[in-house]
Amino acid sequence: MNRYFYYLILVNMIANVVASVPRILLAAKTKGAIVSMILALIMGSMVTYIMARFFNKFPGKGLPELLKEYTPKWITIPLLMFLVTGWFSAGLTTLINYSFLLKRFLTPDMSLQWITSIFLCFISFGILMSSKSVLYTVETLLVFNIPLVLIIMIKAYTSEGMEWDYVKESVMYIYHTPSYSAFSTALFPALGAVNLIIFNRVFTKEQRMTLLQIGIIFFLLAGNLATTYFVPIGYIGFEHIDRLGYPWVRTSDAMRLEFGFIERVLFIFLMLYLAVSFLSILIHWHVVIELLKKVIWLKWFKWKERNLTPYLFVGVFWFISMQMASHLTEYQVTLYSNYFFNCLPAFVTIILLVLWFINRRAKT
């Protein structure tokens, strides 16, 4: 597979280490969280394989083009709007979560609206780029940030502050019945490949998905989920870990880089995930823009030969985001994030059914 395919998967995995995902998983620590993560890992790997195999049959085509070719218009438009809702919610969840995180730990004197608007300024420019330019941006930032991710992960597992007895205590709950909420939450980091519905347009040459490649993706997902769940427990303890709003921030603050130019890992961690969260929102909302272009396109809405319809979409993004930042509390953000995650299995099932229908029509 093309290297950009792996970038989509990596960004989705890394971006979800910080906010709602670990919080919800750790809240289910005695309610089958481990079994839920194993099931999500299996399903996520299967979805990744199915998405890759399907779009490899249609090089250079995204889902909107395939829907137009193989499905009636009365199905295409509602389905595209359904996808828009899902992808926009994914980006909005990351945006609001990280805005709260920055306000609490880096810029407590700045209002949440200002933090969100600064985020939106950079994102608004990025989502209007071509899909190829978005992937170039993702690659550039990941090349600089992945080494930092690896350093933090190695430090997390090798530091003296990591108490493996706490981890062993958490593993004792492996036989508990899985939690649907924990399963759906753990599934989200494994769904980066679903962004192929738009980014497959860039992959104009036929790709291959081998068992070795899916095995690598499987172990990356497994390592990501294990790190997201077990490392905070190892540093903070099993008993009260579910009471923390940002367990990974507390965990990173417990680590030190004795010979680093910045000793406290917390600041490196927050800057690193600021970049990765930006990439996550960029990918999700770029998909939204490209989907909306196939539903709403105002030919008369021009200025100097440039169609301004995408800028109208960005304006709507700003309005909704600022409203959310103005009225939501941290508790409500977590609650609504949980609702969003709980919808994911049904959401993914519908997408897979659509792909099956297109594949069947393409064969006839």
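Guide: In this predicted model, Val21, Pro22, Leu25 and Leu26 of α2 meet Thr228, Tyr229, Pro232 and Ile233 of α11, where contact means heavy atoms within 4.5 Å. The residues of this contact divide into 7 nonpolar, 1 polar and no charged.

Visitor: How were residues and atoms selected?

Guide: Residues are numbered from 1 along each chain as its sequence is written. The model is predicted, local features need pLDDT of at least 70, side-chain atom pairs count only at pLDDT 80 or more, totals for chains, interfaces and linings use all residues, and side-chain values use heavy atoms, with hydrogens and water left out.

Visitor: Why are α2 and α11 called roughly perpendicular?

Guide: Helix α2 (residues 20-27) and helix α11 (residues 211-236) pack at about 70 degrees, with axes 9 Å apart. Roughly perpendicular covers 65 to 115 degrees (under 35 is roughly parallel, over 145 roughly antiparallel, the rest oblique), and α2 and α11 therefore qualify.

Visitor: What makes Phe188 and Phe340 an edge-to-face pair?

Guide: Rings of Phe, Tyr and Trp (its six-membered ring) pair if their centres lie within 6.5 Å; planes under 30 degrees apart are stacked, over 60 edge-to-face and the rest tilted. Phe188 and Phe340 have 5.7 Å centre to centre and 85 degrees between the planes, hence edge-to-face.

Visitor: Why does Phe188 count as buried?

Guide: Buried means under 20% relative accessible area (exposed over 50%, partly exposed in between; 1.4 Å probe, protein chains only). Phe188 has 6%, so the residue is buried; Phe340, at 14%, also counts as buried.

Visitor: Why is the pair of Phe340 and Phe341 called tilted?

Guide: The ring centres of Phe340 and Phe341 are 5.7 Å apart and the planes lie at 50 degrees, so the pair is tilted.

Notes: Axes are lines fitted to C-alpha atoms, for helices over the stretch in contact, and angles run from 0 to 180 degrees between N-to-C directions. Helices (H or I, at least four residues) and strands (E, at least two) are DSSP runs, numbered from the N terminus. Ala, Val, Leu, Ile, Met, Phe, Trp, Tyr, Cys and Pro count as nonpolar, Asp, Glu, Lys and Arg as charged, and the others, Gly among them, as polar.
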